[in-house]
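Hi everyone, thanks for coming. Let me put the model on the screen, and then we can walk through a few spots together.

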Amino acid sequence: MQAPASLSSELKSVAAEQGFAALGIAPAVTPTGFHQLLQWLQQGYQGEMSWMQSRAELRRHPESLLSGCRSVLMAAVNYSDGAELCGGPRISRYAWGSEDYHTVLKRRLAPVAAHLRTALPSCRTRVVVDSAPLLERDFGRLAGLGWFGRNTMLISRGFGSWFFLAAVLTDAELVCDEAEERNYCGTCTRCLDECPTDAFPEAGVLDARRCISYLTIELRDRSVPRELREGIGGWLFGCDVCQEVCPWNRFAPHECLPEFTGRRWNVSAERVPVEILRMTATDFQQVFGGTALERTGRDVMRRNAAIVLGNLRQLEGDAELLVALRDDSPLVRSAAGWALCRRGGAVGLAAVREQLEREPSAEVAVDLRLSLSERGGKLTLRPES
């Protein structure tokens, strides 16, 4: 038996009280995006995210997460406070908060699930946020929240694309919303044109192996490919370029939950890369523990910081890079050597040559040698301060 339409309205009201911008309800089906996902995986676009391949079949239907699932409630919550940032070291907006968004969304969706169970005591529910094998964007579209932009993001006419998605799965049959069948991107291709690393082989298809978010967050066991390091620019963690240039984000709200506006450090943006390079394991945990950045890990963040300093050569950081060149982590040593060669100081170049003589890792040695070779006198040596 289908639940009354009034219950769907009640659930949306509870979601709004919890700070969600919208809640839509979709039927539990196999989304069309599942077959596109399989094609995407066959192309190898997932890179080293092997979990996407191994758990692909679980995304065929929500029943893999909740047996007998009949309805999927999709909730969207804004995470941008509208601050305008240009240039310099940067962290993706979604990770600015003082608390991991997984925890926040689960906590705020709990009352929605509780209201549903109170109304229908025999029903079962499960709150799902991001890490479970569910095609959230597909169900967001089926729930009427938005359409797929050329940058693969779900975009809402009412609040752009600066939002998290979370779901409540239930075996209750709820009155569903109409799916968003139209695409409102028109002829705009700004997201494709402005991508610093050309990560879109075609509209609506992302090659994660070239995406700055993948390179700075998911690529953890090896160095960033040399040909993509310059494109990372000032991005320490993630990337927002394809959303920043999207015209629909002019309609995004300029406020968000307090959990998404807090900061864990009290230094200027220009100082963040050197502070990250200086961090001990304890420091890293104290600053980033419980946030989205914790999962990436200290060594990857320090690798990213070195790359940023190699790209933003006007920033201070030579002393920290010289120390990082002797770090225990091969990832950090490679990136520090590349950055010092990019920055071009005589002391830094000499240090890279010395490190090359004693470098224990053959892979790092090759990277350092290439960095020195590419330096090859193309740039005038920067005078030491």
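Let's begin with a question: does Arg302 count as buried, partly exposed or exposed? Arg302 counts as buried, because its relative accessibility is 4%; buried means under 20% relative accessible area, exposed over 50%, and partly exposed in between, with a 1.4 Å probe and protein chains only.

A quick word on the source: this is a predicted model, where local features need pLDDT of at least 70 and side-chain atom pairs count only at pLDDT 80 or more, while totals for chains, interfaces and linings use all residues. Residues are numbered from 1 along each chain as its sequence is written, and side-chain values use heavy atoms, leaving out hydrogens and water.

Back to Arg302, which sits in helix 12, residues 298-311 (helices are DSSP runs of H or I, at least four residues, numbered from the N terminus). Leaving aside residues up to four places away in sequence, Arg302 touches Ile276, Leu277, Met279, Asp327 and Val332, where contact means heavy atoms within 4.5 Å.

Ile276 also brings us to the largest nonpolar core: among its 67 residues, Trp40, Ile276 and Leu321 touch the most other members. Such a core is a set of buried Ala, Val, Leu, Ile, Met, Phe, Trp, Tyr and Cys residues joined through side-chain atoms within 4.5 Å. Helix 14, residues 330-343, gives this core its largest share, seven residues. A second, separate core has 30 residues, including Trp162 and Leu257.

Last, the cysteines. With a disulfide taken as two cysteine sulfur atoms within 2.5 Å, the count is zero. For Cys188, the nearest cysteine sulfur belongs to Cys191, 6.4 Å away.

Key: Helix = DSSP H or I, 4+ residues; strand = E, 2+ residues; numbered from the N terminus.
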